[in-house]
Amino acid sequence: MDNQDEKLSTKIRNEYMSDVELLSKYMNWIEKKSGKQVQSYYDGEEDSYKLMQIPVYDSTLLAFVKDAGKTKLMDRNYRYVYTRYRIRSVEDELRLLKHAHLKDIDLFKGILSSYIMRGRSKGSVWSEGVQNGVFLELMRRMTALFFSTNMD
């Protein structure tokens, strides 16, 4: 790695390390729940009419979403990241995350932001991030890159 790449990696680590540390506390929970349902539905009273189902989310998922939403990892322009990287499916997200480097911080930010921000208007998106393994791969890769001694 040349000096310029090393400077960029150091700059990225300095800027986002506290955010990655904050989210890394959810790593064990995400690993346990990955691929599983983290949302249920409340139908109301059993004797009354069922007018609509209300989604009920795991409290740890909601805490993760809240914490993620407060970080510098949020990018309102996440759609441009999807266009730039030609992301069209969950498989594309997972493939890109598996091979991402520290310099691809925009990719991490774009994918995380997509799930967190879209979930604000359609909450099931948060559950999808856990079920389809995107949150797990995102957190695995980010923690590996940020906490490794190897400057990637």
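# Notebook: a look through a predicted model

**Entry 1: leucine 61.** I started with leucine 61 and skipped its neighbours within four places in sequence; what remains in contact with leucine 61 is Trp29, Val38, Trp126, Ser127, Val130 and Phe135. By contact I mean heavy atoms within 4.5 Å.

**Ground rules.** I am reading a predicted model, where local features need pLDDT of at least 70 and side-chain atom pairs count only at pLDDT 80 or more, while totals for chains, interfaces and linings use all residues. Residues are numbered from 1 along each chain as its sequence is written, and side-chain values use heavy atoms, with hydrogens and water left out.

**Entry 2: the core.** Next I asked which residues touch the most other members of the largest nonpolar core. They are Leu61, Phe64, Ile111, Leu112 and Phe135, in a core of 44 residues. Two or more residues come from each of helix 1 (3-24), helix 2 (27-33), helix 3 (59-69), helix 4 (78-84), helix 5 (90-98), helix 6 (105-119), helix 7 (124-131) and helix 8 (134-147). Buried means under 20% relative accessible area, exposed means over 50%, and partly exposed is in between (1.4 Å probe, protein chains only). Helices (H or I, at least four residues) and strands (E, at least two) are DSSP runs, numbered from the N terminus.

**Entry 3: salt bridges.** How many salt bridges are there? I have five on my list, by the rule that a side-chain nitrogen of Lys or Arg lies within 4 Å of a carboxyl oxygen of Asp or Glu. Side chains of opposite charge can pair when their charged atoms come close.

I looked up aspartate 67 and lysine 25, whose side chains form a salt bridge at 3.6 Å, N to O. Aspartate 67 belongs to helix 3 and lysine 25 to the loop between helix 1 and helix 2, so this pair ties together parts 42 residues apart in sequence. Are the two partners buried or exposed? Aspartate 67 is buried, at 10% relative accessibility, whereas lysine 25 is exposed, at 54%.

Another pair is aspartate 106 with arginine 84, at 2.4 Å, N to O. This pair also links distant parts of the chain, with aspartate 106 in helix 6 and arginine 84 in helix 4, 22 residues apart. Aspartate 106 is partly exposed, at 23% relative accessibility.

Then I checked arginine 95 and aspartate 92, which form a salt bridge whose closest N and O atoms are 3.1 Å apart. Both sit in helix 5, three residues apart, so about one helical turn separates them. Arginine 95 is partly exposed at 44%, and aspartate 92 is buried at 15%. I also noted a network: salt bridges that share partners join Lys25, Asp67 and Lys70.

**Entry 4: how helices cross.** I took helix 5 and helix 8, whose axes come within 9 Å and cross at roughly 10 degrees. My axes are lines fitted to C-alpha atoms, for helices over the stretch in contact, with angles from 0 to 180 degrees between N-to-C directions. The two helices are therefore roughly parallel. Angles under 35 degrees count as roughly parallel, over 145 as roughly antiparallel, 65 to 115 as roughly perpendicular, and the rest as oblique. Among the residues making the contact are Leu94 and Leu97 of helix 5 and Leu138 and Arg141 of helix 8.

Helix 1 and helix 8 come within 10 Å by their axes and cross at roughly 130 degrees, so this pair is oblique. Their contact includes Tyr16 and Val20 of helix 1 and Met142 and Phe146 of helix 8.

**Entry 5: helix 7.** Why do I call helix 7 largely enclosed by the rest of the structure? Because six of its eight residues are buried. Those buried residues are Ser124, Val125, Trp126, Ser127, Gly129 and Val130. Their cover includes helix 2, strand 1 (39-42), strand 2 (54-57), helix 3, helix 6 and helix 8.

Leaving out residues up to four places away in sequence, serine 124 touches Gln39 and Tyr57. Just after helix 7, glycine 133 has a positive phi of about 85 degrees.

**Entry 6: lysine 32.** My last stop was lysine 32 in helix 2, which is exposed at 60% relative accessibility.

Terms used:
A nonpolar core is a set of buried Ala, Val, Leu, Ile, Met, Phe, Trp, Tyr and Cys residues joined through side-chain atoms within 4.5 Å.
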